[in-house]
Amino acid sequence: MGSLASINELGGSSTTNVNPLDPEEFRRQGHMIIDFLADYYQNIEKYPVLSQVEPGYLRKLLPVSAPYVAEPVEAILQDVQQHIIPGITHWQSPNYFAYFPSSGSIAGFLGEMLSTGFNVVGFNWISSPAATELESIVMDWLGQMLELPRSFLFSGNGGGVIQGTTCEAMLCTLTAARDQMLIKIGRENIGKLVVYGSDQTHSALAKAANIAGINPKNFRAIKTTKSTAFGLSPESLQIVISLDEKAGLIPLYLCATIGTTSTTAVDPLGPLCDVAKKYGMWVHVDAAYAGSACICPEFRHFISGVEGANSFSLNAHKWFFTSLDCCCVWLKDPSTLIKSLSTNPEYLRNKVSDSKQVVDYKDWQITLSRRFRAMKLWLVMRSYGVANLRNLLRSHVKMAKLFEELVASDNRFEVVLPRYFAMVCFRVLPSALRKIQNEYYDEDDVDQTHANELNRKLLESINASGSIYMTHALVDGIYMIRFAIGATLTEDKHVIMAWKVVQQMVDTMLNTE
């Protein structure tokens, strides 16, 4: 790779006339990239799941400036293989069980390719009618698959939009809720507005509240307990709201979660919406991870009560085989969002938009420009169909049950919390450590401290091996390991192998304690 500095030192230059969009060259290079990726997936299990590089590794390998003359794609792909892949944590590996999945698929990848290939900027209807209309259609399709109330669909009086991530969904819906309330109480009273979630709600809610101008003192992360499997208790919500009202504050927004990040806890939508309704609050349902599973009839009950909410979102890029980014958001009353986010500069005016007969998605999001995200979601739905999508999700849940059974079969471990979907939270029990050490503590918290440290070291050892990758949660003082299944390539054999790795690591650690 030749840098600009090296060319200047030689005092020479060499350029050729290049057409960056030559169809035949595009065809040639495109085939090479597809072949490269196909080979990558064929060999993906050969790579350490968690990247083993040190911070700053790449700067040592690449030139200090961009190349002055063109380089062939063959040379670039060689650098990708040698320098980039070692620095990738392989989210699509069948041995990836960390965070939440980012499940890929051929249809998702090719849909992204079509979207990128067309490279349209569909901020309003006229800028690319198909981009807007396809988005409206697939959002109704997915809403129907979820059995969302008709009031959330374009076929009712609602509608859906594809945004980037849940962070955007929370900020946009919170902004709409804020402005709707301030119209009633006056903008000077913004300091009285209160936002509610639980101590298990995603941290994106606190960030959204801060950006939206909510006083940080008015953000409520209501404590949850193991007795409710860390779901938000309606009684706890009611108590906190009542105290706020007595203090002269105004309840504004509640975020209820279906499948929390730490443990996949489920907040009871119906009862929470009943509480919120008494105060005229906006209820947003964050089903980023678990929402996809609700296309299966046996999981639909987890979103029972959604008819009482104002908005609902899920990330198709998590567990719906659609590549990042693709956050699907539905609203009962899209006009509230449009009123908050709409801008109409003269240079964007046109007869169709002025007629109010079309959707202009620029008014449903923070940014003006937007990608043709609907294309990949459309390909996923059409390529696999509802039946296959359900069966793929069920296969992941079945594998999680298998792992749960393996954990339960070893009395040194426990499944810490109920498993609702395809993630198992487990740990080595304090009793396993006591047995090895022949020590018996009177105080549970001393046992807990030792057990937490053992489980932390266990996870570090597992991930350092490169054979599998998992992450952790710390809930109610308990350090637990999260085993999240959702990578498209994962099979039973990978789950069984992962459990063997866990057992081997524990055997080694306990024998050296």
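This is a predicted model: local features need pLDDT of at least 70, side-chain atom pairs count only at pLDDT 80 or more; totals for chains, interfaces and linings use all residues.

Residues are numbered from 1 along each chain as its sequence is written, and side-chain values use heavy atoms, leaving out hydrogens and water.

Phe100 also belongs to a cluster, linked by ring pairs, with Tyr289, Phe299, Phe302, Trp319, Tyr420 and Phe421. Rings of Phe, Tyr and Trp (its six-membered ring) pair if their centres lie within 6.5 Å; planes under 30 degrees apart count as stacked, over 60 as edge-to-face and the rest as tilted.

Across the whole structure, a search finds 24 aromatic pairs. One of them joins Tyr96 and Tyr469 edge-to-face, at 5.7 Å centre to centre and with 75° between the planes. Tyr96 lies in the loop between helix H3 (73-84) and helix H4 (106-118), and Tyr469 in the loop between helix H15 (444-465) and strand E10 (471-475), so this pair ties together parts that are 373 residues apart in sequence. Helices (H or I, at least four residues) and strands (E, at least two) are DSSP runs, numbered from the N terminus. Tyr96 is buried at 2% relative accessibility, and Tyr469 is buried at 8% (buried means under 20% relative accessible area, exposed over 50%, partly exposed in between, with a 1.4 Å probe and protein chains only).

Tyr289 is in the loop between strand E5 (282-286) and E6, and Phe421 in the loop between strand E8 (413-415) and strand E9 (423-428), so the pair ties together parts that are 132 residues apart in sequence. Tyr289 counts as buried at 1% relative accessibility, and Phe421 at 0%.

Now for the sheet. Seven strands form an open, mixed sheet in the order E1-E7-E6-E5-E4-E2-E3 (two strands pair if DSSP finds at least two bridges between them). Its edge strands, E1 (159-163) and E3 (219-222), each pair on one side only. Within the sheet, five bridges join E6 (residues 311-315) to the antiparallel E7 (residues 327-331), and Ser313 has Val329 in E7 as its bridge partner.
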